[in-house]
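Morning, everyone. Please have a look at the model on the screen, and then I'll walk you through it.

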Amino acid sequence: MASNHKPSAARPVSRGGIGLTGRPPSGIRPPSGNIRMATGMPPGTARLGSRGGPIGTVGVLSSQIKVADRPVTQQGLSGMKTGMKGPQRQILDKSYYLGLLRSKISELTTEINKLQKEIEMYNQENSVYLSYEKRAETLAVEIKEFQGQLADYNMLVDKLNTNTEMEEVMNDYNMLKAQNDRETQSMDIIFTERQAKEKQIRSVEEETEQEKQAAEGIIKNMPPEKQVKYIEMKTMNEKLLQELDTLQQQLDSLNMKKESLESEIAHSQVKQEAVLLHEKLYELESHRDQMIAEDKSMGSPMEERERLLKQVKEDNQEIASMERQLTDIKEKINQLNEEIRQLDMDLEEHQACGLSVPQPGIESVPPAVEVRSPNHWTTREFPVLFD
């Protein structure tokens, strides 16, 4: 039948063969006379027709195109990638965790072995470095000795080149030898002094340790109350010592600052004048404060008058008592002077007669007694009378 006849040139061919959504190759074109686009039909149901009858709904325009199904990448068109992955373990049982633990243990073991190898390498390098260092020290000593010998040989060569006499060389030798001997003696003295000082320091340290032990024994033998008080006082002492150190540091810093400021002032006339003005201002302020304090301490005129009258009365009483004491003292002085004159006369009479009559109650050796006369002080020897 004419309706079942399909021309072979009009069938679209895809890359994999006959298909509905295949793209016809660029070399095959459908004949334009036998095929026409059907009108009056929706785009999705368009079909090719011929003079013999309708043909099946196959072709490029008959399929619906979805861009999301064929995404475009940097390499061109590609198919959809499935989200399926390979087979995974569905049950995490004891064997799974044991295998994971074994893998971690193996990793730790390899890391420990690696670190152990590094440590051994570092130890070897350190031992080699120490041996090299010791060798360098010995070589440095040898180099110093060789340098001394080289200096001696150079000096000898200089002496030979300058035609120096043997006597001059011997004189230089003797002078250097004497100098070396003196330095050796001084070094021996310093060494002996150092030994004595070290011995003294050790003895002092031993005494200090003994005193410390004795103090600890005394503290242990003290009652608990005194021990607590001792600990408190010790902590207070340490705290005060720390405060003293901080204050000493502050004092040192202030002294340094003072010295720097004084040096700056010494090089500046303006600063010197400013210092003088500050000192004068301080004196005036102190005088002002003193006057204000006196003004505050002063009361009313009547109170001041009473205070002054009271002070005058007290002064008058003191003067009167002092005058009475003065008159009493003058009378005593006159009486003593009269007794002294009488004794002088008695002594002169005995000396004139050449007799030494012992009197009862008089010492054989008269002491020196200092008596104040109204005009001046006199020192006379007279016998001391006993009742």
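Let's start with a pair of neighbours. Asp289 and Arg288 meet through their side chains in a salt bridge, at 3.5 Å from N to O. By salt bridge I mean a side-chain nitrogen of Lys or Arg within 4 Å of a carboxyl oxygen of Asp or Glu. Side chains of opposite charge can pair when their charged atoms come close.

A word on ground rules. This is a predicted model, so local features need pLDDT of at least 70 and side-chain atom pairs count only at pLDDT 80 or more, while totals for chains, interfaces and linings use all residues. Residues are numbered from 1 along each chain as its sequence is written, and side-chain values use heavy atoms, with hydrogens and water left out.

How many salt bridges does a search of the whole structure find? Six. Let me show you two others, both in helix α5.

Helix α5 covers residues 301-353. Helices here are DSSP runs of H or I with at least four residues, strands are runs of E with at least two, and both are numbered from the N terminus. Arg307 and Glu304 are three residues apart in the helix, so about one helical turn separates them. Their surroundings differ in label. Glu304 is buried, at 15% relative accessibility. Arg307 is partly exposed, at 46%.

Further along, Glu338 forms a salt bridge with Arg341. The closest N and O atoms are again 2.6 Å apart. Glu338 and Arg341 also sit three residues apart in helix α5, about one turn. Glu338 is partly exposed at 44%. Arg341 is partly exposed at 46%.

Now, the aromatics. How many aromatic pairs does the structure hold? One. The rings of Tyr96 and Tyr97 have centres 5.3 Å apart and planes at 70°, so this pair is edge-to-face. The rule: rings of Phe, Tyr and Trp (its six-membered ring) pair if their centres lie within 6.5 Å, with planes under 30 degrees apart called stacked, over 60 edge-to-face, and the rest tilted.

Tyr97 lies in helix α1, residues 94-161. Tyr97 is partly exposed, with 46% relative accessible area. Tyr96 is partly exposed as well, at 34%.

Both tyrosines belong to something on the surface. Leu92, Tyr96, Tyr97 and Leu100 form a nonpolar patch with about 380 Å² of accessible area together. Patches take residues with over 30% relative accessible area and no salt bridge; like charges are joined within 9 Å, and nonpolar side chains (Val, Leu, Ile, Met, Phe, Trp, Tyr) within 5 Å. Areas come from the Shrake-Rupley method with a 1.4 Å probe, and for residues only the protein chains shown count as cover.

One more residue. Ile231 is in helix α3, residues 224-266. Ile231 counts as exposed, at 52% relative accessibility. Its C-alpha atom is 9.7 Å from that of Ile219, 12 residues away along the chain.

Now zoom out. The protein chain has five helices and seven strands. In sequence order, the pattern is β-β-β-β-β-α-α-α-α-α-β-β. Of its 387 residues, 5% count as buried. The accessible surface is about 35600 Å², and 57% of that belongs to carbon and sulfur atoms.

Last, confidence. pLDDT is the predictor's confidence in each residue, from 0 to 100. The chain's mean pLDDT is 76, and 68% of residues reach 70 or more. Where does pLDDT stay under 50? One stretch is residues 1-63, with 54 contacts beyond four places in sequence. Another is residues 356-387, with 43 such contacts. A contact means heavy atoms within 4.5 Å.

Notes: Buried < 20%, exposed > 50% of the residue type's maximum accessible area, 1.4 Å probe, protein only.
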